[in-house]
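This report sets out selected features of one structure, beginning with the surroundings of a helix and moving on to pockets and backbone geometry.

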Amino acid sequence: MVFSFILSQDINMERHKDYFNQQTQSMVADLTRLVEIESPSHDKTAVDQVSRLVAEWMQAVGAQVEIHPQPNTGNCVLGRWDGADGRARPITLLAHMDTVWPLGTLAERPVRLENGKLYGPGALDMKAGIVIALEALRGLQALGLAPSVPVNLLCTGDEEIGTHESRAWIEALASQSQLVLCLEPAIPGGALKTARKGTGHLRVVTRGRAAHAGADHAQGINAIAEMAHHILALQALTDYERGTTVNVGTIHGGIASNVVPDTCEIVADFRVTQPAEVQRLRAALQILQPRHPQAQVEVELDVNRPPMPRDVRMAETFARVQAIARRYGWELGEGSAGGASDANFTAAMGIPTLDGLGADGEGFHALHEHVVIESLPQRAALLAAILHGW
């Protein structure tokens, strides 16, 4: 869709803010509707219900809409809008439609409005981000403005379980873009996320020899005892000064107390702030050796999302967006997050990326998950200003 538009310096700032404030109730209604369609990541049918509604909303805002089927998770929905400079590289917005909450959660915790907050499973993480993105684009149209460049909005269905199927679409769009903005929740208080930890898993399997714990104890090789040494070694890789944590989260081994266990398996979560730390962890695993001379140790390291450090490019990108915000009288803060998002992928590609453009609130992945309602029009107004002023 081609917008009619006026130049950035001609914007009536108060009119801009007032317009979005007037949309608060409609944004609450849209968010309520989205939250009331439960969409756990592993339920493709459920997530696809959200994708169909999002596609309808995109079309109503004038997007060229593409549905990209995924074999096991929710289909990706991509909306494309023209900009004032149709030949420029686009800005890509990222959002996800899946949540961590199983079907039936809504019956236990229905959407409610209380003390200026909207509570509901998946409201903050991150269905509010979808509502904000669409309202920003709708608002530009209503105000007779336009994005400075073309805009893509990609909504995926597997972010909460690793983005394994939709990652290719994210990276393909990012490679053509001059800027990526991720609509994950803001840091409480409204700051953007200019650094995120990278995430991954370590898997270690120890193999010994089974034996009767009474009659043949000396003939057995206890795989759990072998693993105990390696658990301590893995935990010791945590380095808080470097921002690296290793957490052995699950352990499985043995079949009965009177059997010497021949197998044990652990899985550990790791978080790093710098790419070099992944290499340090990998090197430590490669030299992991059995303590018992006849035991065996197998190790795997899987990086799900690379770290998103606050490097020079990130600082420059934030400063540019901060300058746009200041023209409207907004002071925009920044900070880091211990979790990862799809922004980690695009930042690692060297594409200017900012995260946390979504709603303000607290409690994602928690029972008290909520959105601060007044942040909905504020974040839509901010995003519209960035799209127009970039």
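The buried residues of helix 9 are covered by elements including strand 7 (179-182), strand 8, strand 15 (334-337), strand 16 (353-354) and helix 11. Contact here means heavy atoms within 4.5 Å. Helices (H or I, at least four residues) and strands (E, at least two) are DSSP runs, numbered from the N terminus. The model is predicted: local features need pLDDT of at least 70 and side-chain atom pairs count only at pLDDT 80 or more, while totals for chains, interfaces and linings use all residues. Residues are numbered from 1 along each chain as its sequence is written, and side-chain values use heavy atoms, with hydrogens and water left out.

The residues of helix 9 that are buried (under 20% relative accessible area; exposed is over 50% and partly exposed lies in between, with a 1.4 Å probe and protein chains only) are M314, T317, F318, V321, Q322, I324 and A325. Viewed down the helix axis, these buried residues fall within an arc of 155 degrees, so they line one face of helix 9; the arc is that of the directions from the helix axis to the C-beta atoms. The face turned away from the buried side of helix 9 carries the exposed residues V312 and E316. Helix 9 comprises 16 residues (312-327), which at 1.5 Å a residue should span 22 Å, and its end C-alpha atoms are 23 Å apart, which agrees. The expected span is 1.5 Å times one less than the number of residues.

The two pockets are compared below. A pocket is an open set of points on a 1 Å grid over the protein atoms alone, where a 1.4 Å probe fits, with protein on both sides within 12 Å along at least five of seven lines; lining residues have an atom within 4 Å of a point. Grid points are joined across faces, edges and corners, and a volume is the space filled by probe spheres set on the points.

| Pocket | Volume | Lining |
|---|---|---|
| Largest pocket | about 450 Å³ | 23 residues |
| Second largest pocket | about 280 Å³ | 16 residues |

Nearest the centre of the largest pocket lie E160, R271, R305, G339 and A340. Its lining has five nonpolar, eight polar and 10 charged residues, where Ala, Val, Leu, Ile, Met, Phe, Trp, Tyr, Cys and Pro count as nonpolar, Asp, Glu, Lys and Arg as charged, and the others, Gly among them, as polar. Strand 14 gives the largest share of this lining, three residues.

In the second largest pocket, W330, L332, Q378, R379 and L382 lie nearest the centre. Helix 11 gives the most to the lining of the second largest pocket, with six residues. By class, that lining has six nonpolar, six polar and four charged residues.

Several backbone features also deserve mention. A cis peptide bond joins D125 and M126, with omega about -10 degrees, and M126 is placed in helix 5 (residues 123-142). N115, in the loop between strand 4 (112-114) and strand 5 (117-119), has a positive phi near 55 degrees although it is not glycine. At 72% relative accessibility, N115 counts as exposed. T163 also has a positive phi, about 60 degrees, without being a glycine; T163 lies in the loop between strand 6 (151-157) and helix 6 (167-175) and, at 0% relative accessibility, counts as buried.
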